[in-house]
Amino acid sequence: MARNIVIDTDPGIDDAVAIMASALNNDLNILGISVVAGNVDVDKATSNTLRILGFLEKKDIPVYKGAHRPLLGERIDASDIHGDDGLGNIDLKIPRDLKPMETSAPQFLINIAKEYPKDITLVTLGPLTNLAVAILMDSEFIDNINSIVSMAGAYGLTPYGKGNITPKAEFNVYTDPLAAKIVFSSETEKYLIGLDITQKPDALLNEDDMNMLRDSGKNGKLIHNMLKTLFYASGGAVPLHDPHTIIYLIKPEIYKFRRYFIDVEIYGENTYGEIVVDDREKVPEWLKQGFPSYICIDVDGEEFKKELFNTIL
Ligand SMILES: [Ca+2]
């Protein structure tokens, strides 16, 4: 039986690729997509979700618009990376019959978790504002979720686990560290996939991958078009962060996780949005700081790309 998932996202080029991979895999059943401000503002991110679903002809997946700003700090976007439209300035229209639902994203998350208790894997690809609001609104919400799989954070557990906004902070956490703190301290199983593995050299898209995408069918061509400006601006090797969450669900054996107690820095001048990992080995758990999560510490990058291309192309 297919696994029920809900995706919370801020498309975003790599979000779009993750949505494509999840929608095209028969072992995953997308119950809905909630949208949050992140890479672009929430209206553009919602439009982009609808554009991708229209392109895939998956018009039956409901889309819910969520938070337009973070719980903490001013909204910061990443249109310098993802283009003004958030998808690399591609020519892709929203089909006229596609609109977001009336219900807000946090309310949808609460409702769907009640409807499918302990039967939903919540996949997050953006700042964690919608989840934090759902946690604050409904004390039973998090108990109803089976597990959370998030692309978020830089943990310093591999040579690649350094920040991409500041030396210490990754975008999805930096842009709403309070939301991340609320979600990461919640009592559910959390699998956190961060820059420690998404920036690993063998997981980056290289020139051969780009040429292969360009010369493949319509799905590959769309990915090539979204990525090409960013790819050449970044010197010929580009990470695809968000799709790791989906490939982890499809092929968990190529990922390695370890359990750590973690917390999020929300006050620091130079460390704002940093994830503090309590990796002290000889300290008993009851003395450790933060809350436990499973942190991704390795991936077979070649296998990641192979599985991603197999799913999408
Ligand atoms: Ca994202």
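1. A residue is called buried here if 20 or more other C-beta atoms lie within 10 Å of its own, with C-beta atoms placed from the backbone. The model is predicted, and the remarks below should be read with that in mind.

2. Which residues of helix α4 (residues 105–115) are buried? They are Ala105, Pro106, Phe108, Leu109, Ile110, Ile112 and Ala113. The cover over these buried residues includes strands β1 (3–9), β2 (28–35) and β3 (63–65), together with helices α5 (129–137) and α6 (141–144). Helix α4 lies across β1, β2 and β3, and its direction is at about 150° to β2.

3. The sheet is open and is formed by 9 strands, in the order β3-β2-β1-β4-β5-β6-β9-β7-β8, with mixed pairing. Strands β3 and β8 (275–278) are at the edges; each has a single partner strand, so one side of each has no neighbour in the sheet. From one strand to the next, the twist averages 30°.

4. Within that sheet, β4 (residues 121–124) pairs with β5 (residues 147–151) in the parallel sense, over 4 bridges. Val123 is placed opposite Val149 of β5.

5. Helix α1 (residues 13–23) also belongs in a description of the sheet: α1 lies across β1 and β2 and runs at about 165° to β1.

6. Two packed helices are described by the angle between their axes and the distance between the axes. For α1 and helix α11 (residues 218–233), the axes come within 10 Å and cross at roughly 165°. Angles over 145 degrees count as roughly antiparallel, and α1 and α11 are therefore roughly antiparallel to each other. The crossing of α1 past α11 is left-handed.

7. Which residues meet where α1 and α11 pack? On the α1 side they are Ile13, Ala16, Val17 and Met20, and these meet Asn219, Ile223, Met226, Leu227 and Leu230 of α11.

8. Overall, the protein has 13 helices and 9 strands. Its radius of gyration is 18 Å, close to the 20 Å that the globule rule gives for 313 residues, so the protein is as compact as a globular protein of that length. Along the principal axes, the C-alpha atoms fill a box of roughly 55 × 40 × 40 Å.

9. Of the 313 residues in the protein, 50% are buried. Among contacts with a separation of 6 or more, 82% are between residues 24 or more positions apart.

Definitions and conventions
Residues are numbered from 1 along each chain as its sequence is written. This is a predicted model: local features need pLDDT of at least 70, side-chain atom pairs count only at pLDDT 80 or more; totals for chains, interfaces and linings use all residues. A residue is buried if 20 or more other C-beta atoms lie within 10 Å of its own, exposed if 12 or fewer, and partly exposed in between; C-beta atoms are placed from the backbone. Helices (H or I, at least four residues) and strands (E, at least two) are DSSP runs, numbered from the N terminus. Two residues are in contact if their C-beta atoms, placed from the backbone, lie within 7 Å. Two strands pair if DSSP finds at least two bridges between them. Axes are lines fitted to C-alpha atoms, for helices over the stretch in contact, and angles run from 0 to 180 degrees between N-to-C directions. The radius of gyration is taken over C-alpha atoms; the globule rule is 2.2 Å times the number of residues to the power 0.38. Angles under 35 degrees count as roughly parallel, over 145 as roughly antiparallel, 65 to 115 as roughly perpendicular and the rest as oblique. A crossing is left-handed if the near helix is turned anticlockwise from the far one by less than a right angle, and right-handed if clockwise.
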